[in-house]
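Subject: A structure to look through

Hello,

I am passing on the structure below, and I would be glad if you could go through it with the notes that follow beside you.

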Amino acid sequence: MQASGKIVEMREKLEQAGLRVTRQRMMIANLLFGKGDRHVTAEALYAEASVIPYPPSLATIYNTLRDFADKGLVREIALFGGKVWFDTKIGPHFHFYLEDREELFDIPEELIPCFDIPAPPGTRIAGVDVVIKLERLPEGMDLRQPEGMDLRQPEGMDLRQPPKASTAA
Ligand SMILES: [Zn+2]
């Protein structure tokens, strides 16, 4: 059965990470990992949990997410303003943050520049976190193509030029 298979999978995930399997952790893991790769805050997960019977408290959810992050099951991302996000995609990747909507999402890999910054003497780079803060343009100001992720600013763009095809295979 699909449902019980998922539970076994989740149990193994926790055990392999060296976490004791508890009912609360299983509940939170199911909520968190049940929807594919995503970015959540403890508050958002708490809101989702409120529909299930006997939901965990916000503090439990937060502590559990921290435990998961310590064991490498999720990636913790601290943002401007102090809000902590948890990302179920753990490999290195960078983020956009749309501040007024509180949305955190991945920057497509093809747009990520290659960093070649040497660590200062006596240190090594332990990780690279890049979050680009966004704000929405006022209505009607966005002249760019919605798809294609062209990052140029609209001003100075020659509108007679067709947009470059950025997704040529
Ligand atoms: Zn991400």
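Predicted model: local features only at pLDDT ≥ 70, side-chain atom pairs only at ≥ 80, totals over all residues.

Two packed helices are described by the angle between their axes and the distance between the axes. For H2 and H4 the angle is about 80°, and their axes lie 10 Å apart. Since angles of 65 to 115 degrees count as roughly perpendicular, H2 and H4 are therefore roughly perpendicular to each other.

**The nonpolar core**

The largest nonpolar core has 17 residues, and the members that touch the most others are Leu 45, Ile 61 and Leu 65. At least two residues of this core come from each of helix H2 (23-33), helix H3 (42-49), helix H4 (58-70) and strand E3 (84-87). As background, in soluble globular proteins nonpolar side chains tend to be buried together.

**The strands**

Strand E3, which supplies part of the core, also belongs to an open sheet of three strands, whose order is E1-E3-E2 and whose pairing is antiparallel. Strand E1 (39-41) and strand E2 (75-78) are the edge strands, each of them pairing on one side only. Direction ignored, neighbouring strands of this sheet are turned by 35° against each other on average. E1 and E3 run antiparallel and are joined by three bridges, and here His 39 has Asp 87 in E3 as its bridge partner.

With strand E5 (residues 103-106), E4 pairs in the antiparallel sense over four bridges, and Leu 98 has Glu 103 of E5 as its bridge partner. The hairpin of E4 and E5 has four residues between the strands, and Glu 102 takes a positive phi near 50° in this hairpin. With strand E6 (residues 131-134), by contrast, E4 pairs in the parallel sense, again over four bridges, and the bridge partner of His 95 in E6 is Val 131.

Best wishes

Note on methods: Residues numbered from 1 in each chain as written. Pairing = 2+ DSSP bridges. Core = buried A, V, L, I, M, F, W, Y, C linked by C-beta atoms within 7 Å. Buried ≥ 20, exposed ≤ 12 C-beta atoms within 10 Å, placed from the backbone. Axes fitted to C-alpha atoms, helices over the stretch in contact; angles between N-to-C directions. Parallel < 35°, antiparallel > 145°, perpendicular 65-115°, else oblique.
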